[in-house]
Amino acid sequence: MDISDWAKKKIDDLDRKLVELLNQRAAAAIGIGHLKRNTDLPIYEPERESQVIANVQKVNGGPLSERDLAQIYERIMDVMRSLQKHGIEPVAAPAPHATEIDSLADD
């Protein structure tokens with residue numbers, strides 16, 4: 001294995017870990033979204049998002065700059081907000097089955 005193959009394998013391994021962690025974060029965001037919806041809390045909480053960015057900047061050891069991390073996390077939180085807004089259906093009665101829909105159309 002040459003250095004190019006090693007570097008690609010390293011990046012691919014790291015990307016797989018990032019995807020796993022991002023999906024764990026998304027699952028947590030969806031759970032929080034359910035709680036927010038059930039308690040009429042707003043999806044967008046700018047103060048909390050500022051805290052998240054400050055927290056990751058505090059533990060940053062580089063080489064990413066604080067600005068780089070802020071940009072990455074702003075995008076991550078934007079996607080998570082979208083999941084909370086659009087990816088969560090309000091708890092409601094189950095949708096009718098196709099046969100039930102057909103019988104309603106016949107009425």
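**View 1. The buried residues of helix 2 are Glu49, Val52, Ile53 and Val56.** Buried here means under 20% relative accessible area, exposed means over 50%, and partly exposed is anything in between (1.4 Å probe, protein chains only). Those four cover an arc of only 95° around the axis, so they sit on the same side of helix 2; the arc is taken from the directions that run from the helix axis to the C-beta atoms.

A word on the model: it is predicted, so local features need pLDDT of at least 70 and side-chain atom pairs count only at pLDDT 80 or more, while totals for chains, interfaces and linings use all residues. Residues are numbered from 1 along each chain as its sequence is written, and side-chain values use heavy atoms, with hydrogens and water left out.

**View 2. Helix 2, end to end, spans residues 46-59.** At 1.5 Å a residue its 14 residues should span 20 Å, and the end C-alpha atoms are 21 Å apart, which agrees. The expected span is 1.5 Å times one less than the number of residues. Helices (H or I, at least four residues) are DSSP runs, numbered from the N terminus.

**View 3. Helix 3 packs its buried residues against helix 1 and helix 2.** The buried set is Leu69, Ala70, Ile76, Met77, Met80, Arg81 and Gln84. Seen down the axis, they fall within an arc of 145°, so they line one face of helix 3. On its other side, Arg67 and His86 are exposed.

View 4. A salt bridge is a side-chain nitrogen of Lys or Arg within 4 Å of a carboxyl oxygen of Asp or Glu, and the structure holds 6 of them. Lys9 lies 4 residues from Asp13, about one turn of the helix. Asp13 is partly exposed at 25% relative accessible area, Lys9 is partly exposed at 43%, and Arg16 is exposed at 52%.

**View 5. Arg75 forms a salt bridge with Asp78 in helix 3.** Their closest N and O atoms are 2.4 Å apart, and the two lie 3 residues apart, about one turn of the helix. Salt bridges with shared partners join Glu49, Arg75, Asp78 and Arg81 into one network.

How values were computed: Contact means heavy atoms within 4.5 Å.
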